[in-house]
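Here is my note on the model you passed along.

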Amino acid sequence: MTSSKFLVLGIIAALLIAAVILVLPDGAASNYAEHGQPIFMFMSAALALSVAGMYRGDMRRVFLLLTGFLFFYGLFNISWLVDQAFEVLDEQFFKALLAYQIFSYAFLLGACIFILRVVSVPSLSSGSRIAVGATVLFGVAIVVNSFDEYGKILDINAEIAVSYLLIRIFDVLIMAALVPVLAMYVQNARSQYQESASFAVIGAAIIASLTLVYAYEFATNDSLWDIAEEEGSTLDFLFLFGYLSLIVGLLVHRLHQVISYRRLDGVLRS
Amino acid sequence: MTQASSSIAADRLSDQLWARALSKITRGPAEDAGRATMGDQISTFVPQVATSLLMSSNPAFSRVLYAAGYASSKRNAYFIMRRLGMPSDFFWKFDIWDDERAFTTLKKVMDRIFKSLMKKTAQGDLDLISVDVVNGRFVVEFKGCAECSGVGADRSICFFHAGMFAGVLGAMLDRDLDAWESECGGSGHGACRFVIGNPTDREIAAPLDDQLGSFTIEVDPVGMVGGSLERLRGDDNSGVVDVGYYQLLLASSVLSNLEIGGDACFETGARVGAEIIPLIREQYEGTPEQVIESLYSDLRYMTVDVIPEGDGFTVVIGEAPEIASPLNQAAFVPFIAGELDSLLEGLSGNAVRFASSERDGESLRLVFVPEV
């Protein structure tokens with residue numbers, strides 16, 4: 001079996017494991033989402049740490065920073081911890097949330113910078129430019145789409161409203177930073193006749209994890225508050241799928257040599 | 001044939017020989033050399049004496065050997081990796097792997113493919129000794145090297161394998177590499193050792209340039225053939241190499257330059273023939289025809305039928321690596337012709353000269369006429 005096949009099978013398995021949430025009864029589905037999301041994020045963090053050990057220099061830094069991001073993002077997914085923080089911080093919660101977001105995204109941004117140092121691509125191809133352009137448009141739409149809600153919150157609490165808007169803006173900015181990096185990586189891989197698809201899956205899964213909620217917001221026309229109340233929903237399924245895909249991408253990246261080496265036994269005499 | 005077209009033909013032959021070697025380590029039927037009587041192995045003396053004498057008469061031949069080993073192995077190792085299903089990104093970002101992972105993974109793949117290949121073709125026992133990822137340097141050891149073992153040289157002489165290992169590693173890691181031989185089994189070390197690295201690395205370029213640049217070698221064909229016969233009779237199978245190795249040497253380093261190098265090969269063969277006459281007189285009994293036939297048979301080189309014709313001779317040779325598939329040289333086998341010329345003259349006492357060669361089915365008919 002090739003790594004690419006392993007990756008495809010892994011993603012299909014991720015899809016099936018995530019889809020379980022759609023058939024579970026409400027309570028069980030909500031439990032699954034509540035526990036599954038942080039567990040999968042921590043598993044990703046552990047795998048990213050293990051991948052970091054495979055490299056040195058900038059590539060090691062990329063995966064160490066990714067480990068940091070996944071760990072803190074995983075913490076953010078522990079609902080009782082967030083509820084606890086909300087109770088303790090009360091009105092300061094959204095400010096703290098913003099600070100936490102900036103803190104965890106700093107890891108991701110750092111990883112992007114080090115990827116760019118590893119992947120030396122002088123300019124974006126036309127396909128990549130279209131992808132980046134589409135991302136920027138999507139980002140603008142995400143921010144514009146929040147103006148109504150922002151206005152409503154502003155009438156109640158200005159600080160919360162600003163935090164609400166800034167959280168979105170930071171999500172959009174990090175997405176806008178990730179997409180060209182991923183595009184450059186894919187360009188670089190193609191120019192070198194390489195096919196390390198696992199890395200692309202990792203990047204895509206991270207982008208998806210950050211932006212799925214906004215895509216869902218567009219698709220359903222629900223507000224974020226309503227979406228946050230839903231448990232065991234299609235959105236949870238999408239998040240679980242994104243996190244599991246991240247695990248699959250990291251796992252295949254970690255096992256690429258092992259999987260490929262096994263093929264030799266199939267064709268060589270013992 | 002132009003130089004360019006003969007070079008392409010030589011590349012095609014060396015590719016076929018690599019494919020044949022590969023069939024020996026892959027599942028499924030292995031291709032043999034098509035030598036029903038002589039088998040797939042040949043005395044190491046045959047390739048050794050040809051290359052070392054060519055180097056002693058032309059110091060630039062070491063560069064030809066190095067370049068030939070590098071080009072044919074780099075091209076073919078790449079195809080071998082793909083053919084065995086190794087993805088092109090197997091060693092993705094190798095230059096930023098940590099040393100332990102780099103060493104373990106590279107050794108594992110090298111052992112599974114190229115060590116097996118070297119072993120199956122009896123060229124030697126290849127081992128990766130160390131990897132220095134930061135400086136891009138590698139050390140490999142090669143025990144029982146078919147290129148030098150038993151030669152008794154006073155310096156490093158394994159240029160073909162130096163090029164070959166640089167090419168193999170270069171193909172695996174998708175980069176250009178060079179190699180120089182830090183220790184040579186032929187000059188008394190237990191094994192050959194090659195240091196491989198970036199062509200711009202002074203630690204690689206300077207010693208390699210030094211080894212290729214000022215080359216002198218003293219060759220003792222008598223000692224070599226004597227030692228080889230002794231080893232072959234000792235039944236320990238240590239003095240043989242896969243015939244494909246000799247064919248690869250010929251295809252990649254001699255055939256593409258045949259128009260220029262043919263005379264040198266003839267002279268080299270003649271020199272070997274002349275020098276070993278006392279030894280084979282001592283070791284063999286019988287008529288010149290019987291002695292020659294037995295010598296080549298013992299060396300597992302070729303089947304020979306020497307037919308006296310007046311004061312001259314017709315020699316029908318079969319299964320010689322030069323005429324066996326895929327080389328199929330139709331008319332020009334300068335090394336054999338030169339060697340036979342000296343042997344026939346020395347053993348029979350008749351002054352003869354090589355007159356012509358003609359393909360006769362699977363055999364080659366060489367005609368030696370009396371010297372006027």
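1. In which helix of chain B is Ala206(B) found? Ala206(B) is in helix α6 of chain B. Helices here are DSSP runs of H or I with at least four residues, strands are runs of E with at least two, and both are numbered from the N terminus. Ala206(B) is partly exposed, at 29% relative accessibility. The cut-offs: buried is under 20% relative accessible area, exposed is over 50%, and partly exposed lies in between, with a 1.4 Å probe and protein chains only. The C-alpha atoms of Ala206(B) and Trp180(B) are separated by 9.3 Å. Along the chain, these two residues are 26 apart.

2. A word on the basis. This is a predicted model, in which local features need pLDDT of at least 70, side-chain atom pairs count only at pLDDT 80 or more, and totals for chains, interfaces and linings use all residues. Residues are numbered from 1 along each chain as its sequence is written, chains are lettered from A and ligands numbered from 1 in the order in which they are written, and side-chain values use heavy atoms, with hydrogens and water left out.

3. Helix α6 of chain B has a packing partner. Helix α3 (residues 61-83) of chain B packs against helix α6 (residues 202-213) of chain B at about 130°, and their axes are 8 Å apart. The axes are lines fitted to C-alpha atoms, for helices over the stretch in contact, and angles run from 0 to 180 degrees between N-to-C directions. α3(B) and α6(B) are therefore oblique to each other. For angles, under 35 degrees is roughly parallel, over 145 roughly antiparallel, 65 to 115 roughly perpendicular, and the rest oblique.

4. Which residues meet at this packing? From α3(B) come Ser62(B), Arg63(B) and Tyr66(B); from α6(B) come Leu208(B), Asp209(B), Leu212(B) and Gly213(B). Contact means heavy atoms within 4.5 Å. The residues of the contact of α3(B) with α6(B) divide into 3 nonpolar, 2 polar and 2 charged. Nonpolar covers Ala, Val, Leu, Ile, Met, Phe, Trp, Tyr, Cys and Pro; charged covers Asp, Glu, Lys and Arg; the others, Gly among them, are polar.

5. Chain B overall. Chain B has 11 helices and 10 strands. Its radius of gyration is 21 Å, which agrees with the value near 21 Å for a compact globule of 372 residues. That radius is taken over C-alpha atoms, and the globule rule is 2.2 Å times the number of residues to the power 0.38. The C-alpha trace of chain B spans about 70 × 45 × 40 Å along its principal axes. Of its 372 residues, 58% count as buried. Chain B exposes about 14,200 Å², with 49% supplied by carbon and sulfur atoms. Accessible areas come from the Shrake-Rupley method with a 1.4 Å probe; for residues, only the protein chains shown count as cover.

6. Chain A overall. Chain A has 11 helices and 0 strands. Its radius of gyration is 20 Å, close to the 18 Å from the globule rule for 270 residues, so chain A is as compact as a globular protein of that length. Buried residues make up 50% of the 270 in chain A. The accessible surface of chain A is about 12,900 Å², and 68% of it belongs to carbon and sulfur atoms.

7. Ser245(A) sits in helix α11 (residues 234-267) of chain A. Is Ser245(A) buried or exposed? Ser245(A) is buried, with a relative accessible area of 7%. Leaving out residues up to four places away in sequence, Ser245(A) touches Ala14(A), Val201(A) and Ala205(A). Val62(A) belongs to helix α3 (residues 57-76) of chain A. Val62(A) is buried at 2% relative accessibility.

8. Backbone points to check in chain B. Ser325(B) and Pro326(B) are joined by a cis peptide bond, with omega about 5°. Pro326(B) is in the loop between β8 (312-318) and α11 (334-348) of chain B. Lys93(B), a residue other than glycine, has a positive phi near 55°. Lys93(B) is buried, at 14% relative accessibility. Asp174(B) also has phi near 55°, and Asp174(B) is exposed at 58%.
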